[in-house]
Amino acid sequence: MTGTSTLAGRLAAWRTALPSEAFFWDLWISTSGHLWPDDFTARMDASRPLPYHIAKHLPDSMNARVLDVGAGPATVLGRTHPKRNIDLVACDPLAPVYNTLLDRHGVTPPIRTVQAFAEDLSSVFDAESFDIVYCQNALDHSFEPLRGIEEMLIVLRTRGVIVMAHYTDEAEHERYVGLHQWNFNARDGRFIIWNRVQEIDVNEALKDVARVTVTVEGRGHAVTIEKLRDWPNSLHERHRNRLASLLSGLLDAEGVTKAADQELKRINAMANPADGEHRDEALKPAQHSP
Ligand SMILES: C[S@@+](CC[C@H](N)C(=O)[O-])C[C@H]1O[C@@H](n2cnc3c(N)ncnc32)[C@H](O)[C@@H]1O
């Protein structure tokens, strides 16, 4: 799979890659971190501080809310701060799977991940309800990364900040295997998302609502996106359109639309024979296996 331009195609590819993601985390949980035991220990430590590169974006208020998007089974972020109360929320589309694995292996992280897709955060969380949104090595695993950023902006308060850290061009590096379908890169100071079928200049796409800065850091890069104003369009309309496109996209992804199309062709071909003798037979449903 090297990228496809339809939502159905991206959903289909995304779905087939999920078992390998779940397999990785099952190993990580059952072996207390597998090759990364220190990482496991750190994620289980409830007293860890919120890292400085994120804490520096906290507002002046006493209470702050931080969202980790695509957090995996246990967020990499700590939630303590010497002067603030941090409400840290971790979300991931695979949360139900991760929580089953955690329970099976008797592991209890300080914060349970809840289910939410980057692409549809505003159907789970209130608009303008977080001060900071964080995302590490996850948005490039999603099926619609630009929509994911838009949704992060919607749930972020105005003047809040998105902080993201990803490896550069991970899909190319991983040869488009599994959930690696998107490359993130910094080009001429602009944040570029691309694969073999499309390219998105994120600075340009968000120029009316946010300020995007990107810095290369070794094999990866850090992106900071500051929300400059309220989301300009109706959320009601956005959710309505989304539901419709997701439902038809899901049917396409499951091959249902293709099957229905073939069935219609079959009926048409039989219902319109030159001599009309097969009309009754055409109106009978096709044979189904139990
Ligand atoms: C490599 S793991 C990174 C987990 C965690 N952020 C970390 O750094 O340890 C990638 C995560 O992205 C999640 N993911 C995949 N598709 C996503 C989507 N559409 N929205 C949000 N997260 C997604 C996966 O379920 C997985 O937990």
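**Exercise 1. Around the ligand**

Task: Find which residues come nearest to the ligand, and sort the shell around the ligand by residue class.

Solution. Step 1: There are 19 residues around the ligand, and G70, G72, A118, A138 and S142 come nearest. A residue is near a molecule or strand if its C-beta atom, placed from the backbone, lies within 6 Å of it. This is a predicted model, in which local features need pLDDT of at least 70 and side-chain atom pairs count only at pLDDT 80 or more, while totals for chains, interfaces and linings use all residues. Residues are numbered from 1 along each chain as its sequence is written.

Step 1: The shell divides into 10 nonpolar, 6 polar and 3 charged residues. Here Ala, Val, Leu, Ile, Met, Phe, Trp, Tyr, Cys and Pro count as nonpolar, Asp, Glu, Lys and Arg as charged, and the others, Gly among them, as polar.

**Exercise 2. Two helix pairs**

Task: Describe how α2 packs with α5, and how α1 packs with α9.

Solution. Step 1: Two packed helices are described by the angle between their axes and the distance between the axes. Axes are lines fitted to C-alpha atoms, for helices over the stretch in contact, and angles run from 0 to 180 degrees between N-to-C directions. Helices (H or I, at least four residues) and strands (E, at least two) are DSSP runs, numbered from the N terminus.

Step 1: Helix α2 (residues 18-30) packs with helix α5 (residues 95-104) at about 30°, and their axes are 10 Å apart. The two are therefore roughly parallel to each other. Angles under 35 degrees count as roughly parallel, over 145 as roughly antiparallel, 65 to 115 as roughly perpendicular and the rest as oblique.

Step 2: The crossing of α2 and α5 is right-handed. A crossing is left-handed if the near helix is turned anticlockwise from the far one by less than a right angle, and right-handed if clockwise.

Step 3: From α2, the residues A22, W25, D26 and I29 meet V97, Y98, L101 and L102 of α5. Two residues are in contact if their C-beta atoms, placed from the backbone, lie within 7 Å. This contact has 7 nonpolar residues, no polar ones and 1 charged.

Step 4: Helix α1 (residues 7-16) and helix α9 (residues 235-253) pack at about 60°, with axes 8 Å apart. α1 and α9 are therefore oblique to each other, and their crossing is right-handed.

Step 5: L7, A8, L11, A12 and R15 of α1 meet S245, G249, L250, D252 and A253 of α9. The residues of this contact divide into 6 nonpolar, 2 polar and 2 charged.

**Exercise 3. The sheet of 6 strands**

Task: Give the strand order of the open sheet of 6 strands, then follow the pairing from β3 to β4, from β4 to β9 and from β8 to β9.

Solution. Step 1: The order is β2-β1-β3-β4-β9-β8, and the pairing is mixed. Two strands pair if DSSP finds at least two bridges between them. β2 (85-91) and β8 (210-217) stand at the edges with a single partner strand each, so one side of each has no neighbour in the sheet. The twist averages 15° from one strand to the next.

Step 1: Strand β3 (residues 130-136) and strand β4 (residues 156-167) run parallel and are joined by 6 bridges. I132 has V161 in β4 as its bridge partner.

Step 2: Helix α6 (residues 145-155) packs on the sheet and touches β1 (63-69), β3, β4, β8 and β9 (220-227); the direction of α6 makes about 145° with that of β4.

Step 3: β4 pairs with β9 in the antiparallel sense over 7 bridges. V161 has E226 in β9 as its bridge partner.

Step 4: β8 and β9 run antiparallel, joined by 8 bridges. T213 stands opposite T224 in β9, and V216 has H221 in β9 as its bridge partner. The two strands form a hairpin with 2 residues between them, and G218 in the turn has a positive phi of about 60°.
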